[in-house]
Amino acid sequence: MTRWGILSTGHIAGRFAEDLRLVPGAELVAVGSRTTESAERFATRYGAGRAYGSWAELAADDELDAIYVATPHAAHHEAARVCLEAGRAVLLEKPFTLDLATSTELVDLARARGVFLMEAMWMRTNPLILRLVELVRAGAIGEVTGVRADFGVAGPFPPEHRMRNPALGGGALLDLGVYPVSLAHLLLGAPQHVHAWAKLSPEGVDENTGIVFGYDSGAVATLGCGMVGATPLTAAITGTTGRIELPEPFFRPGSAVLHRAGAEPETLTDDPAGGGYQYEAAEVQRCLAAGLTESPLVPHAVTLEVMALLDDIRARIGVEYA
């Protein structure tokens with residue numbers, strides 16, 4: 001049995017708690033928040049046995065095997081640090097932190113303490129996504145020549161909303177753009193060329209962002225994210241002998257269509273049970289049972305490479321965080 005704690009009581013924390021019920025051998029034991037009242041409400045709703053009014057109290061619970069950190073972006077670094085220093089395995093919500101420097105600090109701390117740490121990039125643990133990656137690597141669509149993906153939401157968000165607040169890591173890129181960027185990285189690795197443009201909000205965060213990755217192989221990734229209009233949330237992977245189309249939402253697809261040259265389109269499907277968070281929890285448990293301190297599906301090196309790309313893009317579009 002893997003005994004879980006959840007740090008934060010927001011919407012994503014609740015969705016994770018619901019999906020945790022689908023994971024064999026998982027038990028939600030405790031929840032921690034900035035206030036006891038919030039933690040107690042969450043614990044009652046999702047069946048956690050203990051509720052703590054501080055992150056430190058949760059991290060100090062010696063009966064926990066792993067803690068899922070689901071705070072807003074700006075708190076990821078501090079919340080994860082508290083847990084790692086207490087010796088708790090950590091599943092840290094994406095984006096890992098606000099920048100490469102603080103992400104590297106967490107990875108270094110986890111390695112120094114010999115504690116498990118994984119970014120909660122749930123797309124990289126999704127069974128259908130993993131199946132598609134295997135097909136691509138096996139040459140099902142030939143050499144990959146292009147990746148296209150978008151993630152835009154309609155809004156509008158008031159100025160005080162976390163999506164528009166620089167102090168909370170606001171903007172479309174870190175919240176939404178991390179998915180298209182991660183998909184391109186999953187299929188093509190780190191690009192040799194990066195181009196980006198964005199329309200910034202009055203607060204100085206990106207509202208509508210376009211990104212192009214270029215690869216020395218000749219492949220191109222065209223990516224977009226925004227909070228000024230709802231985009232299709234689809235993706236496509238094009239190769240020299242075929243393509244794969246991912247419907248909405250591409251980062252948690254229920255199906256995909258494989259087009260091979262000279263063949264009828266083939267529809268691949270996935271088990272629709274749950275919201276998709278159960279797979280990342282199961283991966284953490286698998287790694288802990290195997291004595292691993294990082295996941296081969298979401299390794300530290302990949303997390304840091306993606307964060308370096310996000311830093312690069314932010315510099316190009318002029319978004320800065322204190």
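Which residue just after α8 takes a positive phi? In this predicted model, that residue is G291, with a phi of about 75°.

Helix α8 runs over residues 278-289, 12 residues in total. From its first C-alpha to its last, α8 reaches 16 Å, close to the 16 Å expected at 1.5 Å a residue.

Now turn to residues 3-119. An unreviewed UniProt entry places the feature "domain: Gfo/Idh/MocA-like oxidoreductase N-terminal" here. In the model, this span is 43% helix and 23% strand, and its end C-alpha atoms lie 19 Å apart.

Next come the open spaces. The largest pocket holds about 670 Å³ of space. Its lining has 30 residues, and H11, I12, K94, R162 and D175 are the closest to its centre. Sorted by class, the lining has 14 nonpolar, 10 polar and six charged residues.

The second largest pocket has about 160 Å³ of space. Among the residues that line it are R124, L130, H185 and P296. Here α6 (127-137) and α7 are the elements that give two or more residues, with α6 giving the most, four residues. This lining divides into six nonpolar, one polar and three charged residues.

Terms used
Residues numbered from 1 in each chain as written. Predicted model: local features only at pLDDT ≥ 70, side-chain atom pairs only at ≥ 80, totals over all residues. Heavy atoms only, no water. Expected span 1.5 Å × (residues − 1). UniProt positions renumbered as here; feature names shortened; annotations may be inferred. 1 Å grid on protein atoms, 1.4 Å probe; cavity = no way out; pocket = protein on both sides within 12 Å on 5 of 7 lines; lining within 4 Å. Points joined across faces, edges and corners; volume = space filled by probe spheres on them. Nonpolar A, V, L, I, M, F, W, Y, C, P; charged D, E, K, R; others polar.
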